[in-house]
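Here is a short report on one protein model. Keep the sequence and the 3D view at hand as you read.

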Amino acid sequence: NPPTTAQDRLTKIERLVGSSTQNQKSLMARLEEMETLVAVMDAPKLDKVSNKAKVIRADLEAASKARNKLTATYKKEDSKMIQSLHQQMVELEGLSGHLPALTQRLQQLANLHVQASTFASRLSSAEEQANTVQASLGQLEGTLDAMQEQMLENATVIEQNMQRLDERLSNLS
């Protein structure tokens, strides 16, 4: 058996675990996506985004109050700016509630990835040991075959010597 690749082993593990590569991405692809998300969404960046969202929200609330105070003599550009800021606030407001759970899940997935990496190294080590044992077994089988041949040759020589000894004894009698 030639050594299998990490991807073959991972595919086998996915089949055993029950992940269907026909309906979903492979485990490796999903782990890479999660690593990318973890790298992008670390705690300081999330705090920065949250603070920025709060500032934008405060600005938008102030703009909304100012909009209510405006009379009929406002410019269309101002109205467009206020609407744009309001839309940004609405988009960020929905995201901010999910950030803590998303961060926690990404950290859990990072730990899972570390465990998968450890498993892969242990599997490689086990494969190397199995190959070493297999090589030793092959050497032992070769030695055993040579020993059996030598024993057969020795038995033949002993048998011939016994026949000669019998002939000499018969000649002496």
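## The model

This is a predicted model, where local features need pLDDT of at least 70, side-chain atom pairs count only at pLDDT 80 or more, and totals for chains, interfaces and linings use all residues. Residues are numbered from 1 along each chain as its sequence is written, and side-chain values use heavy atoms, leaving out hydrogens and water.

## Helix H3

Helix H3 covers residues 43-69. Helices are DSSP runs of H or I, at least four residues, numbered from the N terminus. The expected span is 1.5 Å times one less than the number of residues. For the 27 residues of H3 that gives 39 Å, and the end C-alpha atoms are 39 Å apart, so the two agree.

Leu 46, Ala 53, Ile 56, Leu 60 and Ala 63 of H3 are buried. Buried means under 20% relative accessible area, exposed over 50%, and partly exposed in between (1.4 Å probe, protein chains only).

## The salt bridge

The whole structure has one salt bridge (a side-chain nitrogen of Lys or Arg within 4 Å of a carboxyl oxygen of Asp or Glu). Arg 57 and Glu 61 form a salt bridge, 3.2 Å from N to O. Both sit in H3, four residues apart, about one turn of the helix. Arg 57 is partly exposed because its relative accessibility is 38%. Glu 61, at 39%, is also partly exposed.

## The negative patch

Glu 141, Asp 145, Glu 149 and Glu 153 form a surface patch of negative charge. Patch residues have over 30% relative accessible area and no salt bridge, with like charges joined within 9 Å. Glu 149 belongs to helix H5, residues 99-172. Its relative accessibility is 51%, so Glu 149 counts as exposed.

Key: Patches are made of residues with over 30% relative accessible area and no salt bridge: like charges are joined within 9 Å, nonpolar side chains (Val, Leu, Ile, Met, Phe, Trp, Tyr) within 5 Å. Accessible areas come from the Shrake-Rupley method with a 1.4 Å probe; for residues, only the protein chains shown count as cover. Lys and Arg count as positive and Asp and Glu as negative; His and the chain ends are not counted. The place of a charge is taken as NZ of Lys, CZ of Arg, CG of Asp or CD of Glu. Helices (H or I, at least four residues) and strands (E, at least two) are DSSP runs, numbered from the N terminus.
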